[in-house]
Amino acid sequence: MKLSLSQNRKASLFVMAGVVIWLMITLLGWVAARKHWSVAHITGYALFAVMLTLGFFKLRKRLLVLPIGTVRDWMLLHLVFGVLGFVLFFQHTGTLWPGGHYEQWIALFFYVVSITGVIGYFFQRVLPQRLADLGEQVIYDRIPIEMASLRARVESLMLEATKETGSDTLARYYAETLHWYFDRPRFLLSHLRGTGRSEGWIQTNLKVLSRFLNDSERAYLMKLEEIAIRKSALDAHHAIQGALKFWLFVHVPCATLLILLAIWHLIIVSIYAR
Amino acid sequence: MSDQESLRLDRPRRWDSPFDPAMTEAVVDELLARPEFSGIDASRFPAAAPLRGILLNDCRIEIYKPGDIILREGDYGNSAFLVLSGSVRVAVPPGLPRQALGRAPEKKRKMFDVLRGMLTAPTIAEARDTSRYAALNSDASVILSYHASLLDAPDKAALFGSGVDPSADPERLPPLVDNFKTVMLSSGALFGEIAALARVKRSATVYAETTCRVLEMRWQALRDIKNRDDGWRTKIEEVYRANLLKTQLPEHPLLRDLNADDLKKVAEQTIFETHGSFEWNVEFKASKKQAYHATEVEPQVVREGDYPDGLFLVIGGFGRVTVKLGNGERTLTYLREGDHFGLDELYDTWKTREHRMHETSLYALGYLQLLRIPYPALAELVFPKLAAPSSRLIDAAARPIEQDAFMEWAVDQRFINGTKTMLIDMEKCVRCDDCVVACAEAHEGNPRFIRQGATLDNWMVANSCMHCVDPVCLIGCPTGAIHRSMSGGAVIINDITCIGCGTCANACPYENIRVVPIREKSGAPVIDPSTQQPIMKATKCDLCSTLPSGPSCERACPHGALQRVDLASLTKRTRLEADR
C-alpha cells in the first residue's frame with residue numbers, strides 16, 4: 001500500500017524529526033558522560049517523555065476538537081516515536097534484560113507493548129486488503145447475527161429437503177458433520193493465514209455427500225454449498241476483524257500499565273538520586 | 001418502561017413553528033387584498049394547508065433599510081421573496097466583490113463547549129432536551145433576522161465611488177459605480193425562486209435600494225401556491241426562465257466574450273428544456289430493484305447519429321454522455337451545471353460547412369435542465385469569437401473500458417450527486433470504528449452514519465449523508481426543517497422544527513436519513529398522548545457543521561482510509577487512486 005506524495009513527505013518529515021531528536025538526546029548523553037553526569041537520567045527522562053507522547057495518542061483520538069493535527073498525523077508520530085522509544089530503551093538500560101525485579105517487570109511490559117505494537121502494525125498493513133478481497137463487507141458486531149441467520153436458513157433447508165425429497169441423507173449428514181461447521185466460527189487460523197482450508201473442507205464434504213444423492217437432492221446440495229461459502233466468508237471476517245481488534249486489547253492495557261510502572265520507577269530513582 | 005414513566009408530548013405538526021410568530025391575521029388580510037394574492041382561488045387548497053395558513057405560517061415580512069443585503073450570490077437559500085413596497089436591486093454577474101457581502105454569523109460551538117459536551121453527553125440514545133420544543137424558536141430564524149449591509153463594506157469607495165457618502169440619504173442608496181451592473185425590482189417583483197425551487201446556490205446578490213417591505217416565503221409556501229394556482233405557476237415559470245437566461249448565459253465560459261447586444265440576441269433565441277422528472281428519486285429508488293441497464297429507462301435527450309440543431313448548456317441536474325459499445329451503451333462522462341454538450345459537432349459543421357452527426361448520446365440522469373442555443377445563433381454570434389475546441393468528447397472512447405468502471409458505477413448509483421460523500425478505502429480501513437466513535441461523540445453519543453454501504457473494488461460509499469448537489473430530501477419536507485446551511489451548503493436538519501414525518505428519509509435515494517424515536521434526557525420515551533405512538537425525529541450526518549474542527553469522522557481516521565469527497569469531480573477520485 002502506497003502513501004500519497006504528501007503523506008510520503010509527511011512521513012519523511014516525521015522520520016527526520018525522530019532522527020534529529022535521537023541525535024540530540026545522544027549528543028546530550030555524550031556531553032553528560034564527558035562531564036561525569038548521569039547519562040541514564042537523560043535517556044530515562046527522554047524515554048519517559050516519548051512514552052507519554054505515545055500514550056497521548058489514545059487520548060488524542062477522543063479529543064478531536066483540539067487543533068493539534070489530524071489523528072493520521074498522530075499515527076505517524078506514534079510509529080516514529082515507537083521506534084525511537086525502542087532505541088532509547090536500550091540506550092537507557094544498556095542490556096536486553098535488566099537486573100532488578102522491578103526493572104524486569106518494566107522490561108517485560110515494554111517488550112509486550114513493543115511486540116504487540118509491531119504485530120498490530122503488521123496486521124494493519126496486511127489484513128485490510130484481505131478483508132477487501134472478501135467482497136461483501138460485514139460489521140464485526142453483526143457477525144453473530146448473520147451467522148445465526150445462516151444457521152437458521154441451512155436448518156430450514158435441511159427440513160425442506162427431507163420433506164420434499166423423502167430422503168434424510170442430507171439432514172443426517174448435516175447433523176453428523178456439517179452442524180459442526182455451522183455451529184460457530186471455524187478455521188480461524190487458516191483464515192488469518194489466508195490458506196483457504198475452509199473452502200477445501202466444504203468441497204471435500206460436499207463431494208463425499210454428493211455421491212449418495214439423486215438430482216432433486218443435489219439441487220438442495222447446491223443451495224447448501226452457497227450458504228456454506230457465505231459462512232466461510234463470515235468466518236474470515238470474524239477471524240481477520242477479530243485479529244485487528246484483539247491486539248489492541250493487549251497493547252493498550254499493557255501500555256497503560258507500563259506508563260504507571262515507569263512513573264513509579266521515576267519517583268524512586270529521583271528520590272535515591274539525591 | 002411503563003406509561004407512567006414516559007413523557008407526553010403532542011405530535012409536532014407542520015406549523016408548530018411558524019416562519020415568523022409575529023405574523024398576524026391582519027397582515028394576512030392585507031396580503032390577500034394585494035393583486036398577487038387576490039386572484040388565487042382559496043378553495044383549491046386543502047383544509048390541512050389552506051392559503052391563509054400558508055401566508056400566516058410559511059411567510060414573513062421583513063423590512064430592509066437602504067443598503068441591506070437581502071440575499072447573497074453563492075449562498076444557499078430555502079425561500080423566495082416578493083417585493084411589497086420600495087425597490088431592491090439585483091447585482092447581475094459578475095456581481096459584487098466578496099468582501100462587500102458581509103456574511104451572517106454562523107453558530108459554531110466553542111472548543112471548551114465541545115469538550116464539556118463530551119464529558120456531559122447523555123448515555124441514553126437519542127436523548128433530547130424536550131423543553132426546547134416548547135419554545136419553538138429555531139436558531140435559523142435568529143440568524144435570518146440579521147441583515148448585513150453594503151454600508152458596512154470595508155471599501156465603500158470601491159462600491160459607490162470616492163467622495164460619495166452612501167448613507168447621506170437615509171431613504172435611498174446612491175447608485176453603485178459603473179463597474180457593477182444592477183437591475184431594479186419594484187413592488188410585485190418576485191426573486192430568489194430559482195435557489196428555493198431548484199435547490200441551487202443563489203445566482204446573484206440582491207440588496208435594498210430604498211426602505212422596502214419584502215414578503216419572504218418558505219419554499220414550501222411557494223411550492224403549494226404554485227401547485228394550486230395557474231397564475232402563480234405561469235408567473236413563476238416565466239420569472240424563473242427569464243432570470244435563468246439573465247444569470248446563466250453571461251456566466252457561461254463559451255459566451256463570456258459576447259457583448260450585451262449579442263448576449264441579448266442569443267437569449268432571445270435560447271430554448272429552455274427540462275428532461276426527466278424533478279422528483280427523480282422516486283423512479284430511481286424503484287429502478288434500483290430492477291435488473292435492466294440504466295440507459296433503458298433514462299430519458300434520452302440526444303441520440304448518437306442524429307443531426308445536431310443546437311448547443312446544450314446544462315443549468316441543473318445531471319446528464320450521461322454515452323457511446324454505443326457492443327450491444328450496450330458505454331458512459332464516457334457525465335454533465336452537471338456549467339457543462340455543455342454538442343459543441344464539437346456544431347463547431348465542425350460551422351467550420352467545414354458540412355453537416356456532422358452527434359458522435360455521442362445524451363441521457364437525463366433523473367432530471368436535466370438545459371438551455372438550447374440554436375445553430376443559427378451560434379453560427380452568427382458565438383462561433384466567430386470562439387477558439388476551436390482543444391479536445392473532443394468522443395476521444396474519451398479510446399480509454400480502456402476498465403479505466404471508467406468506477407465512474408460508470410458512480411453514475412449508475414447516482415453517487416455523483418454527492419459533494420461530501422463518505423468514501424472509504426477498504427484496503428486501508430482497519431475496521432477500528434474510530435470514525436463511528438468520533439461521530440457519536442460529536443452528536444451526544446449518537447452516530448449519524450453507518451459504516452456500511454455499496455462497494456466497488458476496494459471503495460465503499462458508506463451510508464452517510466452525501467450533502468448532494470441536488471438534495472431531493474428537501475422536496476417534501478412540510479416544515480422546512482431539512483435545509484441547506486446558508487454557507488457551505490451542507491444539508492442539515494433543524495431538530496426543533498422536524499415533525500418526524502419521515503418524508504425526507506423516504507425521499508433520500510441513498511437511504512442515508514434515519515427516523516428515530518426520541519427520549520427525554522432521563523431516558524423516558526417521549527409519547528404522543530393522542531396516539532400513544534413515540535415522537536420521532538429525522539437524523540443524519542450534519543458534517544459536524546457546529547464544530548470548529550469540521551467532520552469528525554474524517555479527522556478521526558488514523559489511516560486516511562475515510563475521506564469526505566466530491567464524487568462529482570473525477571479528478572478528485574483520480575487523486576484518491578494515486579494516493580493508494
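Tutor: Two residues are in contact if their C-beta atoms, placed from the backbone, lie within 7 Å. Please keep that in mind for this predicted model. In chain A, five residues of domain 1 are in contact with seven residues of domain 2.

Student: Which helix gives the largest share of the side of domain 1 of chain A that touches domain 2 of chain A?

Tutor: Helix α4 of chain A, residues 101–133, with three residues. By class, that side of domain 1 of chain A has four nonpolar residues, no polar ones and one charged residue.

Student: What makes up the secondary structure of chain A?

Tutor: Chain A has nine helices and zero strands.

Student: Why is chain A called more spread out than a compact globule?

Tutor: Set the value against the rule: for 274 residues the globule rule gives 19 Å, while the radius of gyration of chain A is 27 Å, well over it, so chain A is more spread out than a compact globule. Taken along the principal axes, the box filled by its C-alpha atoms is roughly 95 × 45 × 30 Å. Of its 274 residues, 25% count as buried.

Student: Is A:Phe187 buried or exposed, and how do you know?

Tutor: The cut-off for buried is 20 or more other C-beta atoms within 10 Å. A:Phe187 has 21, so A:Phe187 is buried. This residue is found in the loop between α6 (169–183) and α7 (188–193) of chain A. A:Phe187 also has a positive phi, about 55 degrees, although it is not a glycine.

Student: And why is B:Asp433 placed in the class it has, with 18 other C-beta atoms within 10 Å?

Tutor: A residue is exposed at 12 or fewer, buried at 20 or more and partly exposed in between. The value for B:Asp433 is 18, so B:Asp433 is partly exposed. B:Asp433 lies in the loop between β17 (421–425) and α16 of chain B. Its phi is near 65 degrees, again positive in a residue other than glycine.

Student: What about B:Phe278, how is this residue classed?

Tutor: B:Phe278 has 17 C-beta neighbours inside 10 Å, so by the cut-offs B:Phe278 counts as partly exposed. The loop that holds B:Phe278 is the one between β11 (271–276) and α12 (280–287) of chain B.

Student: Now the nonpolar cores. What makes a set of residues a core?

Tutor: The residues must be buried, belong to the nonpolar types from Ala to Cys in the definition, and be joined through C-beta atoms within 7 Å. The largest such core has 170 residues, and B:Ile70, B:Cys473, B:Ile482 and B:Cys504 have the most contacts inside it. Apart from it lies another core of 14 residues, among them A:Ala171, A:Leu178, A:Tyr181 and A:Tyr220.

Student: Which residues does B:Ile482 touch?

Tutor: Not counting residues up to four places away in sequence, B:Ile482 touches B:Cys473, B:Leu474, B:Cys477, B:Val491, B:Ile493, B:Cys504 and B:Ala538.

Student: How many residues of each chain take part in the contact between chain A and chain B?

Tutor: Chain B gives 29 residues and chain A gives 22 residues. On the chain B side, the elements that give two or more residues are α4 (111–119), α16 (434–442), β18 (450–456), α18 (552–556) and α19 (570–579). By class, that side of chain B divides into 14 nonpolar, seven polar and eight charged residues.

Student: How are the domains of chain B assigned?

Tutor: Domain 1 of chain B is 19–104 + 147–253, domain 2 is 258–385 + 387–404 and domain 3 is 418–579. The centres of domain 1 and domain 2 of chain B, taken over C-alpha atoms, are 33 Å apart. Nine residues of domain 1 of chain B are in contact with nine residues of domain 2 of chain B.

Student: How do you know which parts of chain B call for caution?

Tutor: Look at pLDDT, the predictor's confidence in each residue from 0 to 100. For chain B the mean is 85, and 91% of its residues reach 70 or more. Over residues 137–144 of chain B, though, pLDDT stays under 50. Residues 571–580 of chain B are also below 50. Where pLDDT is low, the predicted coordinates should not be read in detail.

Student: What are the ipTM and pTM of the model?

Tutor: The model scores ipTM 0.89 and pTM 0.82.

Terms used:
Residues numbered from 1 in each chain as written. Chains lettered and ligands numbered in written order. Predicted model: local features only at pLDDT ≥ 70, side-chain atom pairs only at ≥ 80, totals over all residues. Helix = DSSP H or I, 4+ residues; strand = E, 2+ residues; numbered from the N terminus. Rg over C-alpha atoms; globule rule 2.2 N^0.38 Å. Domains from an automatic or database assignment. Nonpolar A, V, L, I, M, F, W, Y, C, P; charged D, E, K, R; others polar.
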